[in-house]
Amino acid sequence: MDDRRHLTLRIPLPRRRDLARSAVALGVAGLPVLRAWGLQWGAREDELEAHLPGDCLAPDADLVATRAIGLAAPPQDVWPWVVQLGQGRGGFSSYDALENLAGCRIRSADRAEPAWQDLAPGDTVRLHPRVALEVAAVDAGRALVLRSPCDAAAPYRFTWAFVVRPDGRGGTRLVVRERYAYLTAWARFAAEPACAVSAVMTRGLLRGVRRRVRGASNVIRPAG
């Protein structure tokens, strides 16, 4: 009798340790892709390359994030939601529950409110009851630029621009850009995690604004 008929092929199964190592290796390999996605979520090539309001405030930025979304509404219907952003104002149209876990005390508005439509350079927009940014520039109906105060203790200089651009088809592109200019040798280790969190929250903000803009009856138009 041919004993070869009774031979079985045994394939060793990978050990749990090997599987774990492979999973970690794949995760590490995917980090650059995930980081790039977070830095550029929703933005078109021309928006990534565009010179936007506020760029000149941190021309030597070490880290730049540009994120965007398309809105089926004209710019004048989008601007009221942008100008009222802030803690103690219209909120950030994002994930209030997550923000409030950090003590932000935010309640995002479902209406564009007249009381929150006026901002001027030097005004304050709060992220948290104890954390505020300064209004660097306002171009009504077009751009709002915030920046970290000159006396801020952060290891980087920060600007945050919200730009409302017509898309040429009657709609709007809302473009949000962050710029981080490092002031210390270890600033990267603070800026990168902050930017990663911002990727999640800004995506929520952009989508939240889009949901709110769809409710045309809630929109007020700036005077003039």
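This is a predicted model: local features need pLDDT of at least 70, side-chain atom pairs count only at pLDDT 80 or more; totals for chains, interfaces and linings use all residues.
Local features need pLDDT of at least 70 and side-chain atom pairs count only at pLDDT 80 or more, while totals for chains, interfaces and linings use all residues. Residues are numbered from 1 along each chain as its sequence is written, and side-chain values use heavy atoms, without hydrogens or water.

Start at strand β5, residues 156–166. Helices (H or I, at least four residues) and strands (E, at least two) are DSSP runs, numbered from the N terminus. Eight of the eleven β5 residues are buried, so the strand is largely enclosed by the rest of the structure. Buried means under 20% relative accessible area, exposed over 50%, partly exposed in between (1.4 Å probe, protein chains only).

Now look at the partners of β5. Strands pair if DSSP finds at least two bridges between them. Strand β4 (residues 143–147) runs antiparallel to β5, joined by five bridges. Here V145 faces A161. Strand β6 (residues 172–182) is also antiparallel to β5, over eleven bridges. P166 stands opposite T172 in that pairing. β5 and β6 make a hairpin with five residues between them, and G168 in the turn has a positive phi of about 85°.

Next, the cores. A nonpolar core is a set of buried Ala, Val, Leu, Ile, Met, Phe, Trp, Tyr and Cys residues joined through side-chain atoms within 4.5 Å. The largest has 39 residues. V82, L146, W160, F162, L174 and Y180 have the most contacts inside it. Helix α5 (187–213) is among the elements supplying at least two residues. α5 gives the most, with seven. A second, separate core of ten residues includes A68, V145, A161 and V163.
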